[in-house]
Amino acid sequence: MNVKETLNDGLKRGYQFTLPAAELAAAVDAKLKEAQPEVEMKGFRKGKVPMAMLKKQFGPRILGDAMQEAIDGALRDHLETSGDRPAVQPKVEMENGEQWKEGDDVVVNVTYENLPEIPEVDLSSLKLEKLSVPAEEAAVNEALENLAKSSQAFEDRKKNTKAKSGDQVTIDFKGFVDGEAFEGGAAEDYPLVLGSNSFIPGFEDQLVGVKVDEDVKVEVKFPEEYGAAHLAGKDATFECKIKAVKAPVDAKIDDELAKKFGAEDLDGLKKQIAERLEAEYAGAARAVMKRGLLDQLDEKVKFDLPASLVEAEASQIAHQLWHEENPEVHDHNHGEIETTEEHKSLAERRVRLGLLLAEIGQKAEITVNDQEMTQAVMQAARQYPGQERAFFEFIQQNQQAQQQLRAPIFEDKVVDHIAEKADTSTKTVTKEELEKAVEALDQL
């Protein structure tokens, strides 16, 4: 195989591979001889089929296989020898492909963009600030109050008191459509919170103002998109007996409330809340620190970028932002989305930092282990309740999906590695100061 360089411009590379006809013919003959002992054909004993007949019967297919193997092998050898790392799959085109005939040399043109040389970075020169936010008593108390509201109980109102929105009414009810009771339309002692929107639209509104022991008829219309097709869009009447009217009462903030949430006592619940809050603060603070780290790397390190990667990233950014601005469109049946200079600028940053982090991670021998991948898959599977098994099978069979889960784990581990090497200080701030720092991330 003869290799000739045809392009060397920045990161762009081009080569012409020439496979002499004699070498290709020899490769075909070798494959046929290797297969001959196992070939059976009518009129000949096994292994005794003449080479000429083998070539006529199997030659064209073996010729194609030999040609592909020769080209693949030559490209592989070239990349190993040159040390080139194509940014994307090399483009391989056969010259005069339609006019080529057996006996001609095979000429193939290969083009690709090479990954750039990534300069070394003195990680110790980076100055990072980690924000630390203690869980203040006011924040813990606010969380306690929210838990109490979510655990509210209901107490009977005074007799003859009318039900209000937010009250809980206990009812017996029976539903009718076209004068006939329908399956699933009846219940006894059903506790319904008015204003919860858990029943058909309009049902709960008609129970505001009722009293205990009243009999009420509720007239409603099932929604057109109702789950039960035989009821969808139908008018219905519900005969209701009001058995109790109860007012909401916030749970008391005491040991009993703590036990409802798995703590031994109130102090234990406060401790749990403080730990949860500080974990949330730590996650937000890490995002701020990571942005600072990436900004410094982006400022310190510059190198040429493969245009193909930048274009692909810019297109993806434009597509994602377009769908965010047009949330009603859920598919990809839309016109071409034009990329702007802003998209390109953001794409250049992402590609540059992605290549840099990959290089730092590779040199530090950072990997994503099986346990980390399993945790990531399980976490992602929770987004598909009832379809977890199908999701696991999809991930197992899809290398691209695996990479999408692996990439953020790898990036976070590289960021942690860099932070350990950098000049890092810790600053204690308030919750409000942290919130402002997080809000600033979206404004950059």
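Buried residues are those under 20% relative accessible area, exposed ones those over 50%, and partly exposed ones those in between, with a 1.4 Å probe and protein chains only. Helices (H or I, at least four residues) and strands (E, at least two) are DSSP runs numbered from the N terminus. The structure is a predicted model, in which local features need pLDDT of at least 70 and side-chain atom pairs count only at pLDDT 80 or more, while totals for chains, interfaces and linings use all residues. Residues are numbered from 1 along each chain as its sequence is written, and side-chain values use heavy atoms, with hydrogens and water left out.

**Overall form**

The secondary structure of the protein comprises 11 helices and 11 strands. Its radius of gyration, taken over C-alpha atoms, is 35 Å, whereas a compact globule of 444 residues would have a value near 22 Å by the rule of 2.2 Å times the number of residues to the power 0.38. The C-alpha trace spans about 105 × 70 × 45 Å along its principal axes, and 34% of the 444 residues are buried. Among contacts (heavy atoms within 4.5 Å) with a separation of 6 or more, 67% are between residues 24 or more positions apart.

Two strands are said to pair if DSSP finds at least two bridges between them. Strand β2 (residues 12-19) is mostly covered, with seven of its eight residues buried. Strand β2 has two antiparallel partners here, as the table shows for β1 and β4, together with β10 as the partner of β9.

| Strand pair | Bridges | Residues opposite each other |
|---|---|---|
| β1 (residues 2-9) and β2 | seven bridges, antiparallel | Leu7 and Gly14 |
| β2 and β4 (residues 106-113) | eight bridges, antiparallel | Phe17 and Val108 |
| β9 and β10 (residues 235-249) | seven bridges, antiparallel | Glu219 and Thr237 |

The strands β1 and β2 form a hairpin with two residues between them, and Gly10 in the turn has a positive phi of about 65°.

Strand β9 (residues 215-221) has a covered face formed by Val216, Val218 and Val220, while Asp215, Lys217, Glu219 and Lys221 make up the uncovered one. Lys221 is partly exposed, with a relative accessible area of 44%, and, leaving aside neighbours within four places in sequence, it is in contact with Ile200, Gly233, Lys234 and Asp235. The C-alpha atoms of Lys221 and Glu5 are separated by 76 Å, the two residues being 216 residues apart along the chain.

In the loop between β8 (180-193) and β9 is Asp213, which has a positive phi of about 75° although it is not a glycine. Asp213 is exposed, with a relative accessible area of 51%.

**The loop between β6 and β7**

Asn160 is found in the loop between β6 (153-156) and β7 (168-177), and has a positive phi of about 70° although it is not a glycine. Gly166 lies in the loop between β6 and β7 and counts as partly exposed at 22% relative accessibility. Not counting residues up to four places away in sequence, Gly166 touches Phe154, Val193, Leu194 and Pro248. The C-alpha atoms of Gly166 and Ser196, which are 30 residues apart along the chain, are separated by 7.6 Å.
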